[in-house]
Amino acid sequence: MLERIQSERTQPDRTMIEIRDVTRSYGAFKALDNASLSIREGEFFSLLGPSGCGKTTLLRMIAGFDTPTSGSIAVDGQPMDGIPANRRPTNMVFQSYAIFPHLNVEQNVAYGLRRLRLDAGEEKRRVEEALAQVSLTGLGKRRATELSGGQRQRVALARALVMRPKVLLLDEPLSALDKKLREQMQVELRRLQQAVGITFVLVTHDQYEALAMSDRIAVMFGGRIAQVASPKEIYQRPVNRQVADFLGGMNFVKAEIVEENGASLVLDTLGFGRVKTDKPKAFVRNGGNATLGIRPERLRVLWDNATAKFEVAGKVVERHYFGEITHLIVEIPGLEKPLSVTETNDFGADDIPVGTSIRLGYDPEALVAMAD
Amino acid sequence: MTAIRRFLPGWLSSYAVLYLLFLYLPVIFLPIFSINTAATPKFPLSGVTLHWYEDLPRTPALIDATWNSLIVGVSAAILSTVLGILAARSITRYRYPGRRPINGLIMAPLVLPEVIVAISMLLVMLQLGLSLSLFTVVLGHVLVCIPYSMTVLTSGFEGFDRSLEEASADLGESAFGTFRRVTLPMVAPAIISSLLVCFTISLDEFIIAFFLTGTEATLPIYIWGQLRFAAKLPGVLALGTLLLFASFLLMTVAEILRRRAARRTQNEGGLYA
């Protein structure tokens with residue numbers, strides 16, 4: 001439901017990139033294994049996964065730098081088979097930015113326009129416009145070698161945007177920047193994408209980056225697409241332990257399936273007792289057991305006499321201080337692994353002595369069932 | 001131990017000085033005796049003169065030899081650089097079986113005895129029915145120049161960020177356009193460096209030219225011919241001095257360009273910024 005509302009807000013539901021059963025093998029190794037995916041027009045779409053999961057391979061195949069062993073890719077309804085990179089309606093921002101070192105900023109941005117044979121005034125206007133879009137106005141005459149990392153990145157963006165592509169591909173564009181600049185660029189990239197309305201496909205291994213910028217995310221492992229959903233859905237309702245784990249901390253609790261019907265599951269756990277949860281769409285039971293997950297920040301310390309409708313009691317065994325938050329490791333009787341809890345420091349979680357007995361409250365909505 | 005350690009720096013520097021003297025002392029005699037008034041190379045110098053240099057442009061055989069050397073040098077430089085570009089690009093850009101052995105084979109003339117190479121080439125040329133001329137010298141020089149041009153060009157092409165060419169293709173440029181607008185301008189210093197190195201080597205090369213030339217002498221062959229006459233020695237020394245300085249200059253420029261090319265091809269991406 002949420003997804004539909006979101007897509008109506010941005011663009012009509014038109015497919016921009018259609019990936020059908022694409023496999024890319026290198027000998028016996030499959031870099032991409034039968035991947036299918038639809039990316040909508042005007043969407044900010046992220047391919048998220050650890051290195052070697054096939055996300056870059058997929059991006060390079062959309063760009064035309066790599067060819068699927070089998071399967072097909074279509075951009076804006078046009079099959080891309082046999083069409084070389086220089087005749088595709090896509091443009092790319094490279095991980096290394098690939099700024100031409102022998103050209104200045106303006107010449108870099110105008111590089112692709114040269115072949116369009118625009119008149120001089122029009123070319124200049126488009127270059128100026130692209131530089132303005134990435135806040136580089138006035139730096140046109142700078143040599144590429146005189147730019148900072150952040151500026152190079154903007155030049156790479158402007159050089160691609162000036163071509164007015166149907167799809168902009170971004171290969172880990174922020175990975176070379178320091179943390180602060182990276183966070184600033186995340187906001188800017190998102191704003192830029194909404195301003196130009198071009199479909200963005202971003203490859204990243206940084207889950208926060210993907211969560212912060214994307215309309216939808218495809219999480220990939222070992223050449224396969226594990227889940228495609230909105231950031232919220234991916235974070236709150238991961239289809240399996242691998243996805244849950246990759247998207248940040250998650251407590252996993254062994255559970256026994258007591259009852260399964262169309263929309264819900266009833267699970268028996270040692271620490272959390274009997275719980276009823278929504279059944280995830282992709283849930284396929286594997287024997288009588290399942291895993292119950294809860295994010296560390298969805299558990300909160302109950303102070304003094306405070307109570308919650310749902311709570312578990314345990315003992316603090318470790319405490320780690322992270323500035324704005326404190327990370328507590330809490331042993332719960334009956335659970336084979338202690339729970340991770342992150343608590344903001346405004347109530348003194350950073351002062352709880354190790355060994356203290358505490359109670360943790362939680363919202364049953366925060367419990368997510370995953371197939372084993 | 002400590003005593004050895006204390007003396008070692010002193011010994012090492014005297015060794016270094018001796019080593020450099022051994023390398024360059026004979027070379028230094030060349031310009032010194034070339035300005036001696038006496039025809040015999042002997043200390044003390046009997047007087048200082050530029051007379052031997054003034055005589056050089058008045059020797060028609062020398063002018064001819066210079067022209068021959070220039071023709072051979074320029075042709076050999078261009079040919080070996082073109083071949084070197086192709087080979088260096090293939091070696092640095094692609095991964096294929098046999099890449100290392102091929103590289104080794106191309107570099108081999110560097111360590112083969114030149115006399116043997118020259119004789120074998122002579123045999124092949126005669127078998128092919130080619131009459132000996134400057135052209136056959138060029139062929140021989142290409143063989144010995146390619147290892148040098150390969151070395152210079154590989155160091156220029158190595159580390160060439162492949163994504164630069166991909167970026168060009170991505171922006172709509174054809175393969176040829178990419179080569180012209182990105183690859184060539186970036187490796188131009190390496191190419192010029194290779195041309196200079198090959199030209200210098202060809203200019204100074206004697207054995208192969210000696211075997212493969214017909215009646216036309218190149219500069220080293222001319223010098224060799226002059227050595228038979230004691231009276232011509234000062235002229236030879238003067239000519240040798242000029243060749244020495246020319247080679248030194250060309251090699252220095254070539255090395256500066258090679259380093260510039262190597263620096264340029266490393267993409268100064270965000271990682272270093």
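Biologist: In this predicted model, which strand of chain A do 4 bridges join to β6(A)?

Modeller: The partner strand runs parallel to β6(A). Within the pairing, M92(A) stands opposite L169(A). The strand joined to β6(A) by the 4 bridges comprises residues 167-171 of chain A and is β7.

Biologist: Which strands of chain A stand at the edges of the sheet?

Modeller: The sheet is open and mixed in its pairing, with 6 strands in the order β6-β7-β8-β3-β9-β10 (chain A). Two of these strands have a single partner each, so one side of each is left without a neighbour in the sheet. From one strand to the next, the twist averages 20°. The edge strands of chain A are β6 (90-93) and β10 (224-229).

Biologist: Which helix of chain A lies across β6 and β7?

Modeller: The helix runs at about 175° to β6(A). Made up of residues 149-161 of chain A, this helix is α5.

Biologist: Which residues have the most contacts inside the largest nonpolar core?

Modeller: The largest nonpolar core has 159 residues. At least three of its residues come from each of domain 1 (2-236) and domain 2 (249-371) of chain A. Beyond its neighbours within four places in sequence, A158(A) has contacts that include V109(A), A130(A) and L136(A). The residues with the most contacts inside this core are A158(A) and V201(A).

Technical notes. Residues numbered from 1 in each chain as written. Chains lettered and ligands numbered in written order. Predicted model: local features only at pLDDT ≥ 70, side-chain atom pairs only at ≥ 80, totals over all residues. Pairing = 2+ DSSP bridges. Helix = DSSP H or I, 4+ residues; strand = E, 2+ residues; numbered from the N terminus. Axes fitted to C-alpha atoms, helices over the stretch in contact; angles between N-to-C directions. Contact = placed C-beta atoms within 7 Å. Core = buried A, V, L, I, M, F, W, Y, C linked by C-beta atoms within 7 Å. Buried ≥ 20, exposed ≤ 12 C-beta atoms within 10 Å, placed from the backbone. Domains from an automatic or database assignment.
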